[in-house]
Amino acid sequence: MAEDFDDTVATTLPPVAADIAHGTARCLIDMGYAPVAELPLANGRRADITAIDRKGHVVIVEIKSSRADFLSDRKWPDYLEFCDAFYFAVAPGFPRELLPQDEGLILAERFQGAIERPAVLRPMAAARRKALLLRFARLAALRLQGQVDPLAAL
């Protein structure tokens with residue numbers, strides 16, 4: 001269910017990016033993934049949305065809210081070794097010709113998102129998958145506990 005997406009982090013984003021994040025999360029949930037916003041990775045980067053499915057496959061989504069956002073931020077290749085599939089998520093009016101054609105694309109707005117172009121599958125190394133899934137689980141558990149007891153999650 002889309003209500004299961006923790007958008008406490010997404011609410012700190014600029015409104016357009018927050019809308020893209022929310023619609024993208026709904027799209028991922030509909031596809032059978034469980035998304036988490038702002039997952040820190042072992043390389044020091046922070047993925048906008050990371051999602052896992054029941055088999056442990058990992059998707060990372062990089063949200064781009066404008067032309068300037070895309071042109072000023074070239075860190076997205078740093079995410080590729082931490083996922084099985086990578087997507088850009090943009091609003092419908094985004095200039096899509098700027099985006100690399102060999103990466104996945106999600107078009108999203110506040111209440112929905114859809115796969116415009118499927119992602120290339122690049123299976124992760126087993127050790128990296130295990131480490132990332134543990135990081136994902138711990139972050140999700142701490143965020144959930146923070147909803148019940150905000151002081152415990154500090």
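**Notes on the predicted model**

1. Ile-52 has Val-58 as its bridge partner in β3. β3 covers residues 58-63, and its pairing with β2 is antiparallel, with four bridges.

2. Strand β1 spans residues 34-40, and the two run in the antiparallel sense over six bridges. Within this pairing, Ala-47 of β2 is the residue opposite Leu-39. β1 and β2 form a hairpin too, again with five residues between them. In its turn, Gly-44 has a positive phi of about 90 degrees.

3. How much of β2 is covered? Strand β2 takes in residues 46-52, and six of its seven residues are buried, so the strand is mostly covered under the cut-off of under 20% relative accessible area.

4. Glu-38 deserves a separate check. This residue sits in strand β1, and its phi is near 55 degrees, a positive value in a residue other than glycine. Most residues other than glycine have a negative phi. Is Glu-38 buried or exposed? Its relative accessible area is 14%, so Glu-38 counts as buried, the cut-off being under 20%.

5. On the fold as a whole, the protein has three helices and six strands. Read from the N terminus, the order of elements is α-β-β-β-α-β-β-β-α. Of the contacts between residues at least 6 apart in sequence, 56% join residues at least 24 apart.

6. What radius of gyration does the protein have, and how does it sit against the value for a compact globule? The protein has 15 Å, and a compact globule of 154 residues would have a value near 15 Å, so the two agree. Along the principal axes, the C-alpha atoms fill a box of roughly 45 × 35 × 30 Å.

7. Buried residues account for 45% of the 154 residues.

8. For charges, the protein carries 19 positive and 21 negative side chains. The centres of these two sets lie 5 Å apart.

Notes:
Residues are numbered from 1 along each chain as its sequence is written. This is a predicted model: local features need pLDDT of at least 70, side-chain atom pairs count only at pLDDT 80 or more; totals for chains, interfaces and linings use all residues. Side-chain values use heavy atoms; hydrogens and water are left out. The radius of gyration is taken over C-alpha atoms; the globule rule is 2.2 Å times the number of residues to the power 0.38. Buried means under 20% relative accessible area, exposed over 50%, partly exposed in between (1.4 Å probe, protein chains only). Contact means heavy atoms within 4.5 Å. Lys and Arg count as positive and Asp and Glu as negative; His and the chain ends are not counted. The place of a charge is taken as NZ of Lys, CZ of Arg, CG of Asp or CD of Glu. Two strands pair if DSSP finds at least two bridges between them.
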